[in-house]
Every structure is written in C-alpha cells, then in structure tokens.
Amino acid sequence: MRKKITVLGITIAMMAAFAGCAADSVKEVKATESVTTEIVTVEESKEKENDKAVTTAESTEAPDKKEETVKTEVKDSETGKNEGEKSVKAEEKKDDSKDKVTEKKQEKEAETNNNSEAADKAVQAEVQENNDTFIKDMGIDGIWYGEIYTRISANITKNGDGYNVELSWAGSAADAAVWNMSLTYDSSTGKYNYSDAEVKTRTYAEDGTYTEEVESTGGSGFFHLVDGQYLTWNDNALIGDYGEISLSLQ
C-alpha cells in the first residue's frame with residue numbers, strides 16, 4: 001500500500017513538475033509571442049510611419065512637381081503665344097510691305113499718267129497756239145513769170161512737205177543766171193524759206209545746148225504768196241538792188 005502511495009506520489013510529483021515545466025513553456029511561448037507581436041506591431045508602426053512619411057513627402061513633392069508642370073505649361077503656352085505673335089507680326093509686316101510696294105507703284109503710275117496728261121495738254125496748247133496763227137499752205141507749184149522783170153521764170157515743183165525751185169533770169173538770148181533752191185513752208189508767217197540757193201551762170205550755144213558755171217552757193221531768202229495769185233521773191237543777195245520781185249502764175 002505504501003509502495004503504491006509512494007509511486008503515486010512520485011507520479012504526481014513528476015506530473016506536477018511536467019505541468020510546471022509546461023506552464024513555464026507556455027509562459028515563455030506567450031512571452032515570446034507577446035514580444036514578437038510587439039516587435040511586429042512596432043515594425044508595422046514603423047512601416048506605417050514610413051509609409052506616412054513617404055506619402056507626406058510625395059504629397060509635399062507633388063505640389064512642387066505640379067507647380068513645375070504648370071510653370072512649364074505656362075512657359076510653353078507663352079512661348080507658343082510669342083511665336084504666334086511673331087508670326088502674326090511677320091505676316092503683318094509682309095502685308096504692310098506689299099501694301100507699300102503697291103502704293104508706290106500706284107503713285108508712280110499716277111505720276112506717269114499726270115505727266116502724260118500734262119504733256120498732252122502742252123501739245124494741245126501748242127497746237128491751239130499754232131492754230132491761232134496758222135496760215136495754210138495754198139500750194140505754189142507751177143510756172144511763174146516776173147511781173148516787172150519779165151525775163152524771170154520760176155519752175156516750182158512739190159517735194160514732200162516743201163518745194164524745189166529752178167528760177168532763171170535771162171540776160172540775153174545767149175546767157176542767163178539760174179537759181180536752184182529748196183523751200184520750206186512756215187505756217188506762222190506764210191513764207192516759203194530757203195537757205196541753200198546755188199547760183200550758176202548758164203551760156204547757150206547756137207544749137208541750144210548750154211554750159212554752166214557756179215557763181216555762189218548758200219544763198220538765202222523766201223517766197224511769199226499774196227492774195228493767192230501773186231508770189232513775191234525776196235533774195236538777200238538781190239534785195240538791196242532790186243527789192244521785192246513779184247511773180248504771177250502762168
């Protein structure tokens with residue numbers, strides 16, 4: 001009986017010891033778990049703090065980036081605006097330059113037209129002035145004979161706007177003085193002027209042939225038609241001796 005009690009006691013004691021150990025183990029496990037939990041909690045708290053710090057930093061950094069982005073966009077917008085304004089100004093300058101060129105061209109054309117009109121008016125004025133004193137060429141071609149000096153005969157032929165004249169003044173049946181000249185009509189005076197008279201002495205043979213000898217060249221003077229029927233001859237070399245010589249048309 002005592003053996004049984006002893007064995008039982010030992011058994012109980014061992015169980016108690018094991019129980020104590022188990023309890024201690026449990027306590028250690030719980031303590032370890034508590035510490036681990038606390039460590040994990042602290043780590044999580046740190047992670048949360050880190051996350052919060054990162055978030056805060058990102059939150060702080062975001063406005064800066066946003067502001068920088070906004071500034072960049074504003075700068076790009078201003079640059080685009082400036083480029084646009086420059087382009088508009090360049091086009092305006094180009095258009096203004098074209099307008100100036102067109103304006104100058106128009107002014108030059110207007111000036112040319114004004115000059116042309118002025119020239120036309122000047123010509124018209126001159127024509128009008130000439131018309132006021134214009135004397136029409138009635139025509140003097142034909143054969144004319146001297147009224148007083150009857151040995152004079154003048155054969156006048158039309159030559160373009162002027163006339164050619166061969167005037168003969170016979171001294172006798174065997175000789176004569178001959179003038180050859182070209183006449184130019186002056187509508188303001190009605191005179192037929194010449195300045196190229198060539199004077200020759202012509203000598204006739206019995207058979208009617210003749211020889212000529214030049215006496216002078218460059219003689220000057222004029223013819224003038226009076227009343228449409230008389231032609232007066234004024235030669236500068238003869239006027240002193242003979243005065244004005246009157247001719248009539250045959």
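Strands here are DSSP runs of E with at least two residues, numbered from the N terminus, and two strands pair if DSSP finds at least two bridges between them. Within this pair, T232 sits opposite S246 in β8.

A quick word on the source: this is a predicted model, where local features need pLDDT of at least 70 and side-chain atom pairs count only at pLDDT 80 or more, while totals for chains, interfaces and linings use all residues. Residues are numbered from 1 along each chain as its sequence is written, and side-chain values use heavy atoms, leaving out hydrogens and water.

Zooming out, eight strands close into a barrel in the order β1-β2-β3-β4-β5-β6-β7-β8, with antiparallel pairing.

Now, the salt bridges. We count one when a side-chain nitrogen of Lys or Arg is within 4 Å of a carboxyl oxygen of Asp or Glu. How many does a search of the whole structure find? Four. In one of them, E212 meets K200, with the closest N and O atoms 2.9 Å apart. E212 lies in strand β6 (residues 210-226) and K200 in strand β5 (residues 191-204), so this pair ties together parts 12 residues apart in sequence. E212 also bridges to R202, at 2.7 Å from N to O.

Is R202 buried or exposed? Buried, at 8% relative accessibility; the cut-offs are under 20% for buried, over 50% for exposed and partly exposed in between, using a 1.4 Å probe and protein chains only. E212 is partly exposed at 36%. Through shared partners, E198, K200, R202 and E212 join into one network.

Note on methods
Helices (H or I, at least four residues) and strands (E, at least two) are DSSP runs, numbered from the N terminus.
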